[in-house]
Amino acid sequence: MTETIAAPRYVAYVPLTDLHPAARNPKRHELELIIDSIAMHGLVEIPVVDERTQRTLHGHGRRESLIEMQDRGMSLPSGMVVDEDGGWLVPVLRGWASKTEAEAEALAIKLNRLPGEGGWDPREFAEVLEDLATNAAELFDSLAIPHEEIDKMLGQVDPETLPGGIRENEPPTLHLPDDGDHGDGLSPDDDGRAAHTTCPACGHLFNTGR
């Protein structure tokens, strides 16, 4: 019985102008946010090329952002190099080939959707945001997370039990909506408690969802 050996994956630098998009790509992108991220951190997550089609499988937003950055005359991001003519060379992951167009499009959707499907751990998310807001305001701002999204996430966490809070030694408790909701966001065991709490470290006013 012949064993099938998968093609090795490898990184190759190719001209940005030779990195072609897929025939169909339903994913939309916030290019300005991607541009800001690449300008701040460099190109960290590199595009993936499908060897069968020789087109981008994953990383269309980064591709479009790099093209825009070059057109604007912005500095070459770290992680990239230039050729002898000054053209930008982008690192791409190579070695994977789709069997059909359907497989390529299915995997492209998975690569975009699956990383976010697990969601966030509310308490750890709150702790990380608090640390960033307190110690690295520029990085916190660069997250560009809408306030309502932060409030919704942190509404499941009692900020007073976070590090630096007056009850930080208490076991962490998630406050989730229940059938006994009073209509004002308060659970039965939260009577007399404020529906909003100020973070003890960064001073952000959180809607606790209680």
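Is Phe-125 buried or exposed? At 12% relative accessibility, Phe-125 counts as buried. Here buried means under 20% relative accessible area, exposed means over 50%, and partly exposed is what falls in between (1.4 Å probe, protein chains only).

A quick word on the ground rules. This is a predicted model, where local features need pLDDT of at least 70 and side-chain atom pairs count only at pLDDT 80 or more, while totals for chains, interfaces and linings use all residues. Residues are numbered from 1 along each chain as its sequence is written, and side-chain values use heavy atoms, with hydrogens and water left out.

1. Let's stay with Phe-125 for a moment. Rings of Phe, Tyr and Trp (for Trp, its six-membered ring) pair if their centres lie within 6.5 Å; planes under 30 degrees apart are stacked, over 60 edge-to-face, and the rest tilted. That rule gives 1 aromatic pair. The partners are Trp-120 and Phe-125, tilted at 50° between the planes and 4.9 Å centre to centre. Trp-120 is exposed, at a relative accessible area of 60%, whereas Phe-125 is buried.

2. Leaving out residues up to four places away in sequence, Met-80 touches Tyr-13, Leu-43, Leu-66, Trp-88, Leu-89, Val-90 and Pro-91. Contact here means heavy atoms within 4.5 Å.

3. Now turn to helix α6 (residues 147-154), in which Ile-150, Met-153 and Leu-154 are buried. These three cover an arc of only 90° around the axis, so they sit on the same side of α6. The arc is taken from the directions from the helix axis to the C-beta atoms. On the face turned away from that buried side, α6 carries the exposed residues Glu-148 and Lys-152.

4. On to charges: the structure holds 7 salt bridges. Each is a side-chain nitrogen of Lys or Arg within 4 Å of a carboxyl oxygen of Asp or Glu. Arg-72 bridges to Glu-68, with the closest N and O atoms 2.8 Å apart. Arg-72 is partly exposed at 41% relative accessibility, and Glu-68 is partly exposed as well, at 29%. Glu-32, Glu-68 and Arg-72 are linked in a network of salt bridges.

5. An α-helix has 3.6 residues a turn, so residues three or four places apart point the same way. Glu-117 and Arg-113 meet at 3.4 Å, N to O; they are 4 residues apart in helix α3 (residues 101-117), which means about one helical turn between them. In helix α4 (residues 122-135), Arg-123 and Glu-127 are also 4 residues apart, about one helical turn, and their salt bridge is 3.4 Å, N to O. Arg-123 is buried at 16% relative accessibility, but Glu-127 is partly exposed at 25%.

Note on methods: Helix = DSSP H or I, 4+ residues; strand = E, 2+ residues; numbered from the N terminus.
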